[in-house]
Amino acid sequence: MTLAIRPVTLDDAYTVARLRQAMWDEMHDEPSPRRYREALYTYWYGMLEAGRAVGWLAEAAGQAVGVAMLLLHDHPPRPFGAVRRGYVTGVYVVPDFRRQGVARQLMETLIAYARAEGLRRLELRTSDMGRHLYERLGFEPAEFLILRLDDAGRA
């Protein structure tokens, strides 16, 4: 398999949305509505356009088979300087390409970018399926508190 990893562009926002929706649908019992993909497209297009997100696509034979997105954010300065962080989200590989190193290549590319850009920390939430990969890449479990502010408890 010849795999190419390349940066996501604005023109890829719909592909990112499609892959994110596929990930969601795999994780839930019923498919998400079409408007979910449209909302994802609007979100990713805006985030990419504003420079608040970057991402990478894995392609095989010209088809997107995986994605990893990184949300960029600055925290208030600390005594030792600015704190730039990234939140890894939407790491997804289509089923036929899993267990072939695609997610690892995407994440290694993302991590190299984060280091080159001076990010101090990467954060993510993972499924059980992805946990082993992230731990092998050096991610450590961390605890944090969450206050859910919506009535449905899904924030």
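Modeller: Helices (H or I, at least four residues) and strands (E, at least two) are DSSP runs, numbered from the N terminus. The structure shown here is a predicted model.

Colleague: Which elements each supply at least two residues of the lining of the second largest pocket?

Modeller: The second largest pocket has a lining of 16 residues, and Leu124, Glu140, Pro141, Ala142 and Phe144 are the ones nearest its centre. At least two lining residues come from each of strand 5 (121–124) and helix 4.

Colleague: Which element gives the most to that lining of the second largest pocket?

Modeller: By class, this lining divides into eight nonpolar, one polar and seven charged residues. The element that gives the most, with four residues, is strand 5.

Colleague: How much space lies in the largest pocket?

Modeller: The largest pocket is lined by 31 residues, with Met23, Val91, Ser127, Gly130 and Tyr134 nearest its centre. Two or more lining residues come from each of helix 1 (13–27), strand 4 (81–93), helix 3 (102–116) and helix 4 (128–136). The space in the largest pocket is about 900 Å³.

Colleague: Which element provides the largest share of the lining of the largest pocket?

Modeller: The lining of the largest pocket holds 16 nonpolar, eight polar and seven charged residues. Seven lining residues, the largest share, come from strand 4.

Colleague: What is the order of the strands in the open sheet?

Modeller: The sheet is open and has five strands, with mixed pairing. The twist from one strand to the next averages 25°. Along the sheet, the strand order is 1-2-3-4-5.

Colleague: Why is one side of strand 1 (3–7) and of strand 5 left without a neighbour in the sheet?

Modeller: Strand 1 and strand 5 stand at the edges of the sheet. One side of each has no neighbour there because each has a single partner strand.

Colleague: In which sense do strand 2 and strand 3 pair?

Modeller: Strands of a sheet pair through backbone hydrogen bonds, either parallel or antiparallel. Strand 2 (residues 53–60) and strand 3 (residues 63–78) form a hairpin with two residues between them, and Ala61 in the turn has a positive phi of about 50°. Trp56 has Ala68 as its bridge partner in strand 3. Over eight bridges, the sense of the pairing is antiparallel.

Colleague: Which residue is the bridge partner of Ala4 in strand 2?

Modeller: Strand 1 pairs with strand 2 in the antiparallel sense over five bridges. Within strand 2, the bridge partner of Ala4 is Glu59.

Colleague: How many of the residues of strand 2 are buried?

Modeller: On one side of strand 2, Ala53, Gly55, Leu57 and Glu59 are buried, and on the other Val54, Trp56, Ala58 and Ala60 are buried, so that both faces are covered. Strand 2 is therefore largely enclosed by the rest of the structure, the buried count being eight of the eight.

Colleague: Is Leu106 buried or exposed, and what is its relative accessible area?

Modeller: Leu106 is found in helix 3. Leaving out residues up to four places away in sequence, Leu106 touches Ile5, Trp56, Leu57, Ala58, Gly66, Val67 and Ala68. Buried means under 20% relative accessible area. Leu106 counts as buried because its relative accessible area is 0%.

Note on methods. Residues are numbered from 1 along each chain as its sequence is written. This is a predicted model: local features need pLDDT of at least 70, side-chain atom pairs count only at pLDDT 80 or more; totals for chains, interfaces and linings use all residues. Side-chain values use heavy atoms; hydrogens and water are left out. On a 1 Å grid over the protein atoms alone, a cavity is a set of points where a 1.4 Å probe fits but cannot get out, and a pocket is an open set with protein on both sides within 12 Å along at least five of seven lines; lining residues have an atom within 4 Å of a point. Grid points are joined across faces, edges and corners, and a volume is the space filled by probe spheres set on the points. Ala, Val, Leu, Ile, Met, Phe, Trp, Tyr, Cys and Pro count as nonpolar, Asp, Glu, Lys and Arg as charged, and the others, Gly among them, as polar. Buried means under 20% relative accessible area, exposed over 50%, partly exposed in between (1.4 Å probe, protein chains only). Contact means heavy atoms within 4.5 Å. Two strands pair if DSSP finds at least two bridges between them. Axes are lines fitted to C-alpha atoms, for helices over the stretch in contact, and angles run from 0 to 180 degrees between N-to-C directions.
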